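Here is a short briefing for a first look at this structure. Start with the charges, then move on to the fold and the aromatic rings.

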Amino acid sequence: MTLIPLPAFNDNYIWVLHDGRRALVVDPGESDGALNWLGSEGITLDAILVTHHHGDHTGGVDALRQATGARVIGPSREIVPEPLDRVSDGDTIELLGLRFEVLDVPGHTAGHIAYHCANVDGRPLLFCGDTLFSAGCGRLFEGTPQQMLTSLDRLAALPDDTRVCCTHEYTLSNLRFARAVDPDNTDLQAYEQHCQSLRERNLPTLPSSIGLEKQINPFLRVRVPALSEAARRHAPETPSNALGVFTTLRAWKNVFQ
């Protein structure tokens, strides 16, 4: 299997997973890039996976479906271009000879889902949309801090070698915030240098991994004392529990320059 992030818009990725003959795509905000790639490679599109309803993740669905006849799969509780197969937590999907499990991960939107495959060429794979980013997490447009924290905890419990395929190239921006919150984290410092090198060569910083994110992502580290202390320095009224720390960090990130 080959995994490719196709750039879209300013900072989106449309993930493509293929076996040389057939492919699936994830969160196609536009169609031209994917159609051009499929045509140039002579690969058939079998399925389109959608994690949530935002237009930069669904804008290309209709055109791709009409051009290829691909099956569309998306969240049961969100408005996504019809027709589609609606799925929710615990459902499984067989695609390209692989078995994907659907995970409910609300917070960014109310019905956001992720797709997890336990074994793609020997390693797990996660398509997580805008719930988890490298060194960050999605804004809370429709969900609550408790929902997002629960979703992130669920993803953090996946095996450390799980490849994390999020859909925005936000890594360097997220790392600037992470350094402000967690300045003594040497793993974070090394990762930022690595990502800067990648972006200087116009290469993606993704996929990341669950193990790496647990080392460097402040939103997965809200139970670490250094992050709790940082949150209380920023907002002294912050409760010491994980939800309080997460809520302060997410609000701080919203205004961080």
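The chain carries 22 positive and 32 negative side chains. The centres of the two sets are 4 Å apart, with each charge placed at NZ of Lys, CZ of Arg, CG of Asp or CD of Glu. This is a predicted model, where local features need pLDDT of at least 70, side-chain atom pairs count only at pLDDT 80 or more, and totals for chains, interfaces and linings use all residues. Residues are numbered from 1 along each chain as its sequence is written, and side-chain values use heavy atoms, without hydrogens and water.

**Fold and dimensions**
- The chain has nine helices and 14 strands; these are DSSP runs, numbered from the N terminus (helices H or I, at least four residues; strands E, at least two).
- The C-alpha trace spans about 55 × 40 × 30 Å along its principal axes.
- The radius of gyration is 18 Å, which agrees with the value near 18 Å for a compact globule of 257 residues. It is taken over C-alpha atoms, and the globule rule is 2.2 Å times the number of residues to the power 0.38.

**Surface and contacts**
- Of the 257 residues, 54% count as buried (under 20% relative accessible area; exposed is over 50%, partly exposed in between; 1.4 Å probe, protein chains only).
- The accessible surface is about 10,700 Å², and 48% of it belongs to carbon and sulfur atoms; areas come from the Shrake-Rupley method with a 1.4 Å probe.
- Among contacts with a separation of 6 or more, 57% join residues 24 or more positions apart (contact means heavy atoms within 4.5 Å).

**Aromatic rings**
- The whole structure holds seven aromatic pairs (ring centres of Phe, Tyr or Trp, its six-membered ring, within 6.5 Å; planes under 30 degrees apart are stacked, over 60 edge-to-face, the rest tilted).
- Phe 177 and Phe 219 are stacked, because their ring centres lie 6.1 Å apart and their planes meet at 15 degrees.
- This pair links distant parts of the chain, 42 residues apart: Phe 177 sits in helix 5 (residues 171–181), Phe 219 in the loop between helix 7 (210–216) and helix 8 (225–234).
- Both Phe 177 and Phe 219 are buried.
- Phe 177 also pairs edge-to-face with Phe 256, at 5.3 Å centre to centre and 75 degrees between the planes.
- Phe 256 lies in the segment after helix 9 (242–255), 79 residues from Phe 177.
- Phe 256 counts as partly exposed at 28% relative accessibility, whereas Phe 177 has 0%.
- Phe 177, Phe 219, Phe 246, Trp 252 and Phe 256 form one aromatic cluster.

How values were computed
Lys, Arg positive; Asp, Glu negative; His and termini not counted.
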